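Please read it alongside the sequence and the 3D structure.

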Amino acid sequence: MPTLSDRQRVELAIPAYLLYALTAAPGVFVPADPDLAARAEADIAALRADLQAALLEPFGDLTEKKQCALLRRVERIGKGVITGWGNRPALSVMLTLWYFVKDLTDREVLILWEGSAMERATSRLLPMFAHGFDEQKRDATAQEQARQLLACLQTEGLYD
């Protein structure tokens, strides 16, 4: 297996970082039925655990010092993206991130291996916000925002 460059490692970690950050925001995931609150909490905890594992996975074979340096780079870039979310509704951000990840997987920049932490996370996420795809205007806006996100990250030298 070829060794990943620092840039490739950061590219693999960014989607998980952004999704993890979104899942940390209060009120992002609210169960439709209040009786399902405990189950929803457990589902979100499992989702966050998978996203955290996916975030750290690209750095597992590096020294602690190198891991920390690259994770700081991921955090700096990720925080810059998150700042741009502003007052957008969570569903809008989720759809944007979904289209961003879809573009990466379609171009095979990101491969979601069956059973991997990122594949498990994305499999859990899709049903959580599938209703957003029903609104054509929101869907088209999310696709455009995903293109803008990619362009922003390309200015950082990523995903070229």
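**Salt bridges**

Glu75 and Lys79 form a salt bridge, with their closest N and O atoms 3.2 Å apart; the term denotes a side-chain nitrogen of Lys or Arg within 4 Å of a carboxyl oxygen of Asp or Glu. The model is predicted: local features need pLDDT of at least 70, side-chain atom pairs count only at pLDDT 80 or more, and totals for chains, interfaces and linings use all residues. Residues are numbered from 1 along each chain as its sequence is written, and side-chain values use heavy atoms, with hydrogens and water left out.

- The structure holds ten salt bridges.
- Glu75 and Lys79 are four residues apart in helix H3 (residues 64-83), so about one helical turn separates them. Helices are DSSP runs (H or I, at least four residues), numbered from the N terminus.
- Glu75 is partly exposed at 33% relative accessibility, and Lys79 is partly exposed at 47%. Here buried means under 20% relative accessible area, exposed over 50%, and partly exposed in between (1.4 Å probe, protein chains only).
- Within helix H6, Arg147 and Glu144 are three residues apart, about one turn of the helix, and their side chains meet in a salt bridge at 3.1 Å, N to O.
- Arg147 is partly exposed at 49% relative accessibility, as is Glu144 with a relative accessible area of 34%.
- An α-helix has 3.6 residues a turn, so residues three or four places apart point the same way.
- Asp50 pairs with Arg124 in a salt bridge whose closest N and O atoms are 2.3 Å apart. Asp50 lies in helix H2 (residues 37-56) and Arg124 in helix H5 (residues 117-129), so this pair ties together parts that are 74 residues apart in sequence.
- Asp50 is buried, with a relative accessible area of 8%, whereas Arg124 is partly exposed at 30% relative accessibility.
- A network of salt bridges links Asp50, Arg120 and Arg124.

**Aromatic contacts**

- Rings of Phe, Tyr and Trp (its six-membered ring) pair if their centres lie within 6.5 Å; planes under 30 degrees apart count as stacked, over 60 as edge-to-face and the rest as tilted. By this rule the count comes to one aromatic pair.
- The ring centres of Phe100 and Tyr159 are 5.6 Å apart and the planes stand at 90°, so the pair is edge-to-face.
- Phe100 belongs to helix H4 (residues 90-106) and Tyr159 to the segment after helix H6 (136-154), so the pair ties together parts that are 59 residues apart in sequence.
- Both Phe100 and Tyr159 are buried.
- Arg48 lies over the face of Tyr20, at 3.9 Å from the ring centre; the rule requires NZ of Lys or CZ of Arg within 6 Å of the ring centre and within 35 degrees of the ring normal.

- Helix H1 (residues 6-24) has 19 residues and reaches 26 Å from its first C-alpha to its last, close to the expected 27 Å. The expected span is 1.5 Å times one less than the number of residues.
- H1 has a kink of about 30° at Ala13, shortly before the proline Pro15. The bend is the angle between axes fitted to the seven residues ending at a residue and the seven starting there.
- Twelve of the 17 residues of H4 are buried, so H4 is largely enclosed by the rest of the structure; among them are Trp98, Tyr99 and Phe100.
- H4 is followed by Glu108, whose phi is positive, near 60°.

**Cysteines**

- The structure holds zero disulfides, a disulfide being a pair of cysteine sulfur atoms within 2.5 Å.
- Cys68 is partly exposed, with a relative accessible area of 35%, and Cys152 is partly exposed at 37%.

Definitions and conventions
Helices (H or I, at least four residues) and strands (E, at least two) are DSSP runs, numbered from the N terminus.
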